[in-house]
Amino acid sequence: MTETTFWELISTSKTQTTEDKYEQTQFLTNYLSTQTEEEIFSFEEQFQKLYAKSYTSPLWCAAYVAMGGCSDDSFDYFRAWLIAQGKEVFENAMQNPDSLVPVFDTLRNEGRGDYPGFERMLGVPLDAYIKKYNFADRSEGMDAYYTKLDKFPRVPFPEIVLNWEEDDIESMKKICPAIFANYWDDPF
């Protein structure tokens with residue numbers, strides 16, 4: 001699976017489902033479970049490449065400001081959510097985190113109490129693998145999946161040096177002024 005194919009699949013998953021992100025993961029899981037094992041692991045690889053690419057200080061600042069704080073785990077879920085939004089949103093955010101303001105506004109205005117985080121997206125390839133091979137015992141399926149995944153090269157995460165500080169409001173305001181203006185006083 002190429003990056004282009006990956007993004008096409010993400011786009012299809014968004015157009016074939018409602019705006020409910022859990023339906024999106026169900027669509028992806030169902031689709032991948034009908035593909036070859038290699039395709040499942042290739043999806044995982046493409047996801048991990050984008051996941052590592054989005055491990056940046058400006059994006060973490062944007063998530064921190066928009067959500068009123070952002071732990072390591074929350075930033076993981078934020079980046080999974082960002083990938084699930086599709087190529088255009090992802091690439092725009094990589095260039096300028098403030099491009100997320102309309103996406104955040106839409107999410108907030110849906111009125112479902114949702115936030116920009118999507119832990120379940122991280123498990124799509126695993127869930128597809130378990131479904132494909134119909135493991136009755138989830139832990140058995142996880143063991144089989146991770147044993148095979150260990151044979152693939154790991155995508156390294158870059159070193160991250162934060163160029164903002166939690167205690168320095170001005171440092172955050174410089175990185176994402178529009179997100180700061182819209183979400184600092186009223187975060188998700």
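Helices (H or I, at least four residues) and strands (E, at least two) are DSSP runs, numbered from the N terminus. The model is predicted: local features need pLDDT of at least 70, side-chain atom pairs count only at pLDDT 80 or more, and totals for chains, interfaces and linings use all residues. Residues are numbered from 1 along each chain as its sequence is written, and side-chain values use heavy atoms, with hydrogens and water left out.

The structure holds eight salt bridges. The term denotes a side-chain nitrogen of Lys or Arg within 4 Å of a carboxyl oxygen of Asp or Glu. One of them joins Asp76 to Arg79, with the closest N and O atoms 3.0 Å apart. These two residues are three residues apart in helix H5, about one helical turn. Asp76 is partly exposed at 22% relative accessibility, whereas Arg79 is buried at 0%. Here buried means under 20% relative accessible area, exposed over 50%, and partly exposed in between (1.4 Å probe, protein chains only).

A second bridge pairs Asp186 with Arg108, at 3.5 Å between the closest N and O atoms. This pair links distant parts of the chain, 78 residues apart. Asp186 lies in the segment after helix H11 (177-183), and Arg108 lies in helix H7 (residues 101-109). Asp186 is partly exposed at 47%, and Arg108 is partly exposed at 26%. In helix H10, Lys173 and Glu170 are about one helical turn apart. Their side chains meet in a salt bridge of 3.4 Å, N to O. Lys173 is partly exposed at 33%, as is Glu170 at 44%.

Rings of Phe, Tyr and Trp (its six-membered ring) pair if their centres lie within 6.5 Å; planes under 30 degrees apart count as stacked, over 60 as edge-to-face and the rest as tilted. Phe75 and Phe78 are stacked, with 6.2 Å centre to centre and 15° between the planes. Both lie in helix H5 (residues 72-84), three residues apart. Phe75 is buried, with a relative accessible area of 0%. Phe78 is likewise buried, at 0%. Tyr55 and Trp60 form a tilted pair, 6.2 Å centre to centre and 45° between the planes. Tyr55 and Trp60 are buried.

Asp168 is found in the loop between helix H9 (138-149) and helix H10 (169-175). Asp168 is partly exposed, with a relative accessible area of 32%.
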